[in-house]
Amino acid sequence: MDLKEIEIIHSIFKDRGLSLSVAESCTGGLICHYLTAVPGASSFLQAGVVSYSAESKKRILGISQKIFSVYGIVSEETARQMAERVRTLTKTDVAVSTTGNLGPEVLENKPKGLVFVAISSEKGTVSKKLQLKGTRGQIKEKAVIAALKFLAEVVGNG
């Protein structure tokens with residue numbers, strides 16, 4: 001990830017006076033890692049939650065079991081709820097979330113590389129489905145880059 005791209009996200013949030021929270025599953029904290037790699041993230045980044053297990057998604061974020069039963073942990077609906085719940089819990093202006101299957105096996109009948117990203121704000125929640133290729137590490141990195149670009153696009157155009 002190019003630090004210049006992170007600096008753009010910093011600028012967008014600082015210029016607009018917006019706060020950000022993050023709920024990560026498959027990316028395991030890498031979004032927060034990148035955001036904090038550039039000085040000044042504390043002016044807008046309020047919180048990051050890594051809710052890797054289904055249990056932590058339920059207990060910490062309050063994702064309903066019904067969402068998992070109907071759509072699965074790796075789903076657009078789960079990503080959307082993760083973003084909405086972390087934004088509500090942290091009282092931030094914007095939240096971004098990730099959930100997916102980094103592999104190597106199929107999970108919930110969903111292929112390796114399937115990742116969902118969601119962004120929640122007062123304007124609503126938008127999401128994106130990604131089908132990424134590569135090793136587990138490459139998929140994770142690609143998912144983070146895609147999530148941050150999506151975040152910059154959505155908030156930058158807001």
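Colleague: Which side chains meet in a salt bridge with an N to O distance of 3.8 Å?

Modeller: A salt bridge is counted when a side-chain nitrogen of Lys or Arg is within 4 Å of a carboxyl oxygen of Asp or Glu. Here the side chains of Glu 55 and Lys 58 meet in this way, at 3.8 Å. Both lie in helix H3 (residues 54-59), three residues apart, and are therefore separated by about one helical turn. Helices (H or I, at least four residues) and strands (E, at least two) are DSSP runs, numbered from the N terminus. Glu 55 and Lys 58 also belong to a salt-bridge network with Arg 59.

Modeller: Before going further, note that this is a predicted model, in which local features need pLDDT of at least 70 and side-chain atom pairs count only at pLDDT 80 or more, whereas totals for chains, interfaces and linings use all residues. Residues are numbered from 1 along each chain as its sequence is written, and side-chain values use heavy atoms, with hydrogens and water left out.

Colleague: How many salt bridges does the count come to by this rule?

Modeller: The count is four. Another of them joins Lys 149 to Glu 5, with the closest N and O atoms 3.9 Å apart. Lys 149 is in helix H6 and Glu 5 in helix H1, so this pair ties together parts 144 residues apart in sequence.

Colleague: Are the residues of strand E3 (residues 94-100) buried or exposed?

Modeller: Buried means under 20% relative accessible area, exposed over 50%, and partly exposed in between (1.4 Å probe, protein chains only). Seven of the seven residues of E3 are buried, so the strand is largely enclosed by the rest of the structure. In a regular strand the side chains alternate between the two faces of the sheet. In E3, Val 94, Val 96, Thr 98 and Gly 100 point one way, and Ala 95, Ser 97 and Thr 99 the other.

Colleague: In which sense do strand E1 (residues 20-24) and E3 pair?

Modeller: Two strands pair if DSSP finds at least two bridges between them. E1 and E3 are parallel, with five bridges; Leu 20 has Val 94 as its bridge partner. Strand E4 (residues 114-121) runs antiparallel to E3, joined by seven bridges, and Val 96 is partnered by Ile 119.

Colleague: How many residues does the largest nonpolar core have?

Modeller: In soluble globular proteins, nonpolar side chains tend to be buried together. A nonpolar core is a set of buried Ala, Val, Leu, Ile, Met, Phe, Trp, Tyr and Cys residues joined through side-chain atoms within 4.5 Å. The largest has 34 residues, and those with the most contacts inside it include Phe 13, Leu 20 and Val 115. H6 gives the most to this core, ten residues. Apart from it lies another core of nine residues, among them Ala 23 and Ala 95.

Colleague: What is phi of Lys 91 near?

Modeller: Most residues other than glycine have a negative phi, and most peptide bonds are trans. Phi of Lys 91 is near 55°, a positive value. Lys 91 lies in the loop between helix H5 (76-90) and E3 and is exposed, at 72% relative accessible area. Glu 108 also has phi near 55°, in the loop between E3 and E4. Pro 104 is found in the loop between E3 and E4, and the peptide bond from Gly 103 to Pro 104 is cis, with omega near 15°.
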